Amino acid sequence: MDYQTALASLFLPEGRVDPYPAYDVIRAHSPVFQALDGRWFVTTHALTNRLLREPSLRIADAADYDGFWPDWRRNRGVASIVLSMLQSNPPDHGRVRRAAAATFTARRVAEMRDVITAQTESLIKAMPADADFMSAFAFPLPIGVICALLGVPEADRSWFRQRTADLTVVLEPISTEQEMRLADVAGRELEAYFVDLIEERRRAPQEDLTSALVAVHDDTDGVGLTGEELLANLVLLLVAGFETTTNLLGTGIKLLLEHPEQADRLRADPQLAPAFVEEILRYDSPVQLTGRLTTVELELGDGLRLPGGADVTMLLGAANRDPARYPDPHRFDPDRPNIQPVSFGGGAHYCLGAPLARLEAQVAFPLLLAMLPRLSLAGPAERRDRLVLRGYATLPVTTG
């Protein structure tokens, strides 16, 4: 398979099932190259790690969307993402991220450990003998955690699942008209929900993230966080707060059950959980690629360069299995030294929720293995047909 065929396979359903052979071919071709459609692709860990932190790179923002899609605001799924800090550049990005980071603190995340533990134990006790792990555990744990942070009532949490699944298609490079219509509906329904929640918290503040962000908006007269930004970033925090963690939990438990000797080690010693979670993130990243735009020509060494104005896609999944960084990269090995996956990005756009996602996984995996010692796979898993957000739609298990 030549590199152009390998690259094309990533945009086909059969190629997305297992993109790693294609990544190997593409990476072997070049650390960075321009495809036939004009886009540039970065394939190695070293270059990806560097470019994620390169201050001259920018992300496609609202002004860019105005240029190539004047009506994008009419699709409220697209608007919810583009108007959030995920798709903003300085100075707006720093201003909005500081407002969110001031409320989404390390202390607040650390205080969630007891909540995560309690929710994990409750879900495990309620898991039927034969279950779809995604529905029984991988979805309800992170949605419960992020909703507890945001102050979303427990009764409303199951309502979010399909709407979030419909909205996240806007992050994919390829989508159908029907998928985009569903994203629009989901965006409108989520916005309406948070408009009501914002007003509730304005009348009666609580000790939650929504109240804190509303206070930033109100206390600064919309300078610290505009009303549009407040709404978009609440939607983003909800969606990003559980979508990738759901994928991490599903991928992780499947890997552990496929490697029973490693599962036994983690069951016996929960202190190994941080290293296991990092290796899961490296081995099969919940986010497989991210995009940037160059503003100046970049010399990358060894005769490689990126021109100014380049549309750059960094293949995070390829970088995480780069043999130059990780020997024998297709082997699941939690004992690897210095595991540093690029799964959560880097630089100014490093995932704000990364510590929470890591904490949820570090708590969940040892408890699952200890409380369900006979947990095993019960049939073929079904992957979601996504390139950017990689995970399972269903994952049958039995608790024995």
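Biologist: Before we start, what should I know about the numbering and the model?

Modeller: Residues are numbered from 1 along each chain as its sequence is written, and side-chain values use heavy atoms, with hydrogens and water left out. The model is predicted, and local features need pLDDT of at least 70, side-chain atom pairs count only at pLDDT 80 or more, while totals for chains, interfaces and linings use all residues.

Biologist: Let's take a helix, then. How many residues does α7 have, and what does it reach from end to end?

Modeller: Helices (H or I, at least four residues) and strands (E, at least two) are DSSP runs, numbered from the N terminus. The expected span of a helix is 1.5 Å times one less than its number of residues. Helix α7 covers residues 92-103, twelve in number. From first C-alpha to last it reaches 17 Å, close to the 16 Å expected at 1.5 Å a residue.

Biologist: Which residues of α7 are buried?

Modeller: Buried means under 20% relative accessible area, exposed over 50%, and partly exposed in between (1.4 Å probe, protein chains only). In α7, the buried ones are His93, Val96, Arg97, Ala99, Ala100 and Thr103. Look down the axis of α7 and these buried residues fall within an arc of 155 degrees, so they line one face of the helix. That arc is taken from the directions from the helix axis to the C-beta atoms. On the other side of α7 you'll find Arg98 and Ala102, which are exposed.

Biologist: And what covers the buried residues of α7?

Modeller: Contact means heavy atoms within 4.5 Å. The cover includes α8 (106-110), α14 (209-219) and α15.

Biologist: Where do salt bridges come in, and how many does the structure hold?

Modeller: A salt bridge is a side-chain nitrogen of Lys or Arg within 4 Å of a carboxyl oxygen of Asp or Glu. The structure holds 30 of them. One is between Arg95 and Glu229, whose closest N and O atoms are 2.7 Å apart. Arg95 sits in helix α7 and Glu229 in helix α15, so this pair ties together parts that are 134 residues apart in sequence. Glu229 counts as buried because its relative accessibility is 11%.

Biologist: Which other pairs could I look up?

Modeller: Arg107 is exposed at 54% relative accessibility, and Glu111 is partly exposed at 47%. Then go to Glu179 and Arg386, with their closest N and O atoms 3.9 Å apart. Glu179 belongs to helix α13 (residues 177-203) and Arg386 to the loop between β9 (382-383) and β10 (392-394), so the pair ties together parts 207 residues apart in sequence. Glu179 is partly exposed, with a relative accessible area of 24%, and Arg386 is buried, at 15%. There's also a network of salt bridges linking Arg58, Asp61 and Asp64.

Biologist: You mentioned α13. What do its buried residues pack against?

Modeller: They pack against α6 (76-82), α11 (140-150), α12 (160-167), α14 and α15. Among the buried residues of α13 are Met180, Leu190, Tyr193 and Phe194. As for its span, α13 has 27 residues and reaches 40 Å from first C-alpha to last, close to the expected 39 Å.

Biologist: α15 keeps turning up. Is Thr244 in that helix buried or exposed?

Modeller: Thr244 lies in α15, residues 227-258, and counts as buried at 17% relative accessibility. Leaving out residues up to four places away in sequence, Thr244 touches Pro286, Val287 and Leu389. A polar atom of its side chain is 3.5 Å from the backbone oxygen of Ala240.

Biologist: Now strands. In which sense do β5 and β6 pair, parallel or antiparallel?

Modeller: Strands of a sheet pair through backbone hydrogen bonds, either parallel or antiparallel. Two strands pair if DSSP finds at least two bridges between them. β5 (residues 298-301) and β6 (residues 304-306) are antiparallel, over three bridges. Glu299 has Arg305 in β6 as its bridge partner. The two strands form a hairpin with two residues between them, and Asp302 in the turn has a positive phi of about 55 degrees.

Biologist: What is the strand order in the open sheet of three strands?

Modeller: The order is β3-β11-β8, with antiparallel pairing. The edge strands, β3 (130-132) and β8 (376-377), each pair on one side only. β3 is joined to β11 (residues 396-398) by three bridges, and Asp130 stands opposite Thr398 in β11.

Methods. Polar contact = N/O pair within 3.5 Å; in protein donor to acceptor, adjacent residues only side chain to side chain.
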